[in-house]
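Please open the model in your viewer and keep the selection panel at hand.

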There are 2 protein chains.
Amino acid sequence: MAETARHHEPRYGIRPTMKDVAARAGVGLKTVSRVVNGEAGVTPDTERRVMEAIDALGFRRNDSARVLRKGRTASIGLVLEDLADPFYGPLSRAVEEVARAHGALLINGSSAEDADREQELVLAFCARRVDGLIVIPAGGDHRYLEPEIKAGVATVFVDRPAGRIDADAVLSDSFGGAREGVAHLVAHGHRRIGFIGDQPRIHTATERLRGYRAAMADAGLAVADEWVALGSTEPERVREAAEAMLSGPEPVTAVFAGNNRVTVTVVRVLAGREHPVALVGFDDIELADLLGITVISQDSATLGRTAAERLFRRLDGVDEAPSTVVLPTTLIARGSGEIRPPAAS
Amino acid sequence: MAETARHHEPRYGIRPTMKDVAARAGVGLKTVSRVVNGEAGVTPDTERRVMEAIDALGFRRNDSARVLRKGRTASIGLVLEDLADPFYGPLSRAVEEVARAHGALLINGSSAEDADREQELVLAFCARRVDGLIVIPAGGDHRYLEPEIKAGVATVFVDRPAGRIDADAVLSDSFGGAREGVAHLVAHGHRRIGFIGDQPRIHTATERLRGYRAAMADAGLAVADEWVALGSTEPERVREAAEAMLSGPEPVTAVFAGNNRVTVTVVRVLAGREHPVALVGFDDIELADLLGITVISQDSATLGRTAAERLFRRLDGVDEAPSTVVLPTTLIARGSGEIRPPAAS
DNA sequence: TTGAAAGCGCTAACAG
DNA sequence: CTGTTAGCGCTTTCAA
């Protein structure tokens with residue numbers, strides 16, 4: 001173990017290669033490769049010697065070189081909006097599990113809802129030669145992906161469809177879910193219902209708004225402009241929007257919240273109010289059961305798993321036309337959505 | 001756009017290389033490399049021709065080859081326990097932000113609290129030649145990392161210290177936080193306080209238990225065996241543990257929950273009970289403000305950011321002895337921790 | 001300003 | 001069963 005000649009110790013930052021292992025074990029380079037990759041055709045004795053050399057040297061195969069030679073990286077890239085959002089954690093984890101089952105690693109990136117950043121991440125992943133890409137798009141134009149897809153990078157969009165290209169997508173039923181949620185409020189006697197959602201450039205936001213309008217139309221109810229607020233999900237903005245539609249001569253008696261961020265803030269606003277206001281939110285939230293929040297639940301883990309499975313099916317060579325899967329949502333009644341409007345209303 | 005000779009179209013799955021770009025632009029390979037990497041010494045006219053060829057061919061530099069030559073990958077690996085746990089989302093996101101600021105990509109993996117899986121992930125990351133590693137350890141022995149660290153892979157442990165090697169670590173003050181939380185309960189009149197925590201092999205679990213015992217000792221209170229339950233954070237297990245210590249002849253009048261998973265379940269258990277029981281939980285939880293849950297808050301994003309900054313300082317060549325940073329926790333009183341024990345107690 | 005040649009560490013193809 | 005050679009796509013070095 002202890003070497004006397006200090007300059008013979010492995011230098012810091014230098015990694016042994018297969019060549020080094022081969023020299024130490026007194027075998028050929030290819031034999032080392034065989035052992036490292038568990039290929040057949042190596043004497044147990046030779047294998048043992050190679051193994052010893054590997055351990056002694058602390059050898060670890062350089063996958064960059066391997067990738068360069070083999071063409072495949074056994075890794076996939078996931079671009080989402082914000083890993084810190086509790087909606088994306090389970091999604092990301094589900095993707096990871098599927099990747100793991102296929103022996104692939106996951107590279108992650110948050111676009112922060114910025115189209116340029118999305119593109120930057122996607123292209124960086126492509127430069128790393130990920131085998132496939134799962135994208136929750138921030139931008140609305142994905143033609144920049146055409147050369148990549150042509151080059152064989154499998155791509156699946158999740159939560160929102162791709163823009164201006166034909167690609168696989170796995171979505172939740174935003175329209176249907178919102179429609180059901182708003183219909184639920186209508187069924188409990190509400191006539192003046194507000195909608196607070198994310199920015200209109202986000203597909204799910206407009207789909208949910210469409211669902212809201214459909215439900216109102218189904219019930220023969222007009223929608224006042226002041227009842228609809230699309231924009232950032234920053235707490236201040238949501239708070240202002242909520243307070244605006246809850247005051248004035250004709251306040252709403254119920255609110256439909258367009259996503260988990262909005263719901264959380266609306267719950268806080270409503271908690272500080274005298275008269276109860278009904279609420280249904282899109283996306284389930286932790287502890288919503290204890291707070292009695294009625295929600296339209298979408299399972300983000302299923303979204304991720306479904307997308308990842310589709311991706312690997314493509315990587316396994318399945319060659320069918322791109323298609324879109326829409327996953328159903330579930331209404332979970334817990335109280336807040338069953339509050340009736342004040343009698344005078 | 002439309003090519004008539006179908007067999008002249010780029011074949012599916014084949015990517016253009018710098019050589020292809022060079023041929024098309026009528027320049028040398030190195031000139032393409034210069035343009036792609038924004039190096040000086042290229043005529044604007046030449047550059048334009050190269051750019052055109054790049055766009056026409058849909059060329060994207062192969063970073064595997066680049067890495068093989070340069071030695072650095074501009075990527076770091078993050079191994080955590082479970083990306084779906086809301087505690088790790090912000091941590092991961094914070095690491096990502098720092099990495100981004102340093103031009104590095106993030107490879108992510110969940111160990112699922114399994115030591116073998118942790119090692120598997122870490123070594124896979126090392127094979128990809130990540131420049132650095134941020135690890136939330138699941139296992140207790142990290143000697144397998146010695147060759148990697150010797151080879152120059154910067155490594156920082158987060159949330160829990162490394163086992164059997166000397167390495168940088170960024171931790172929360174589990175001991176001090178738990179001690180403060182339990183002291184808070186004592187200050188509100190409690191004498192019989194339960195502790196429900198994670199598995200004893202997890203460092204933070206035992207540290208928090210130590211803090212609990214210290215606070216009890218500080219107050220001159222004995223701890224009955226039935227008041228302490230360490231184990232899985234599965235809801236059923238936590239529920240059973242909570243119900244056990246809340247029943248019997250001498251039930252606890254307050255519970256200290258060892259982490260966010262435990263807190264969530266305990267809150268559910270207590271919600272179904274007749275008499276109020278005090279609760280302080282380690283980790284803040286979304287909507288805990290609305291539920292009035294008193295917590296010992298630790299900022300997981302700060303944990304991640306601090307670790308990542310330290311990692312990049314190492315990568316920038318700072319060469320000091322490994323050290324441990326302990327971040328303070330904050331008690332946030334919201335009601336559940338200020339409930340007093342029943343008078344008869 | 002530009003390009004030719006060498007080589008990073010590995011695997012594929014082929015020989016012995 | 002084992003080893004040799006070529007070459008993946010890029011950057012480095014050096015020469016023009």
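Helices (H or I, at least four residues) and strands (E, at least two) are DSSP runs, numbered from the N terminus. This is a predicted model, in which local features need pLDDT of at least 70 and side-chain atom pairs count only at pLDDT 80 or more, while totals for chains, interfaces and linings use all residues. Residues are numbered from 1 along each chain as its sequence is written, chains are lettered from A and ligands numbered from 1 in the order in which they are written, and side-chain values use heavy atoms, with hydrogens and water left out.

**Stop 1: the two protein chains**

Select chain A and chain B together, where 64 residues of chain A are in contact with 65 residues of chain B, contact meaning heavy atoms within 4.5 Å. The two chains bury about 5,600 Å² between them, 52% of it on carbon and sulfur atoms; buried area is the accessible area (1.4 Å probe) that two parts lose on being put together, summed over both.

Next, display the charged side chains, since there are 16 salt bridges between chain A and chain B, each a side-chain nitrogen of Lys or Arg within 4 Å of a carboxyl oxygen of Asp or Glu. One to pick out joins B:Arg93 to A:Asp82, with N to O at 2.5 Å.

Now colour chain A by element: the side that touches chain B draws at least two residues from each of helix H4 (63-70), helix H5 (88-101), strand E2 (105-110), helix H6 (115-127), helix H7 (146-150), helix H11 (260-271) and helix H12 (288-291). Of these, H6(A) gives the most, with 8 residues. By class, this side of chain A has 32 nonpolar, 12 polar and 20 charged residues, where Ala, Val, Leu, Ile, Met, Phe, Trp, Tyr, Cys and Pro count as nonpolar, Asp, Glu, Lys and Arg as charged, and the others, Gly among them, as polar.

**Stop 2: the strands that cross the interface**

Select E2(A) and strand E2 (residues 105-110) of chain B, which pair in the antiparallel sense over 3 bridges; two strands pair if DSSP finds at least two bridges between them. Within this pairing, A:Leu106 stands opposite B:Asn108.

**Stop 3: DNA strand D**

Which residues are closest to DNA strand D? Of the 24 that surround DNA strand D, the closest are A:Thr31, A:Thr46, A:Arg69, B:Met18 and B:Lys30, a residue being near a strand if one of its heavy atoms lies within 4 Å of it. Helix H2 (29-36) and H4 of chain A, with helix H2 (29-36) and helix H4 (63-70) of chain B, each supply at least two residues of this surface, and H4(B) provides the largest share, 5 residues.

Zoom in on A:Arg69, where a polar side-chain atom lies 3.0 Å from a base nitrogen of DNA strand D, and then on B:Ser33, where a polar side-chain atom lies 2.9 Å from a phosphate oxygen.

**Stop 4: DNA strand C**

Sugar and phosphate account for 63% of the atoms of DNA strand C that come within 4 Å of the protein.

Finish on H4(A), which gives the largest share of the surface near DNA strand C, 5 residues.

Conventions. Polar contact = N/O pair within 3.5 Å; in protein donor to acceptor, adjacent residues only side chain to side chain.
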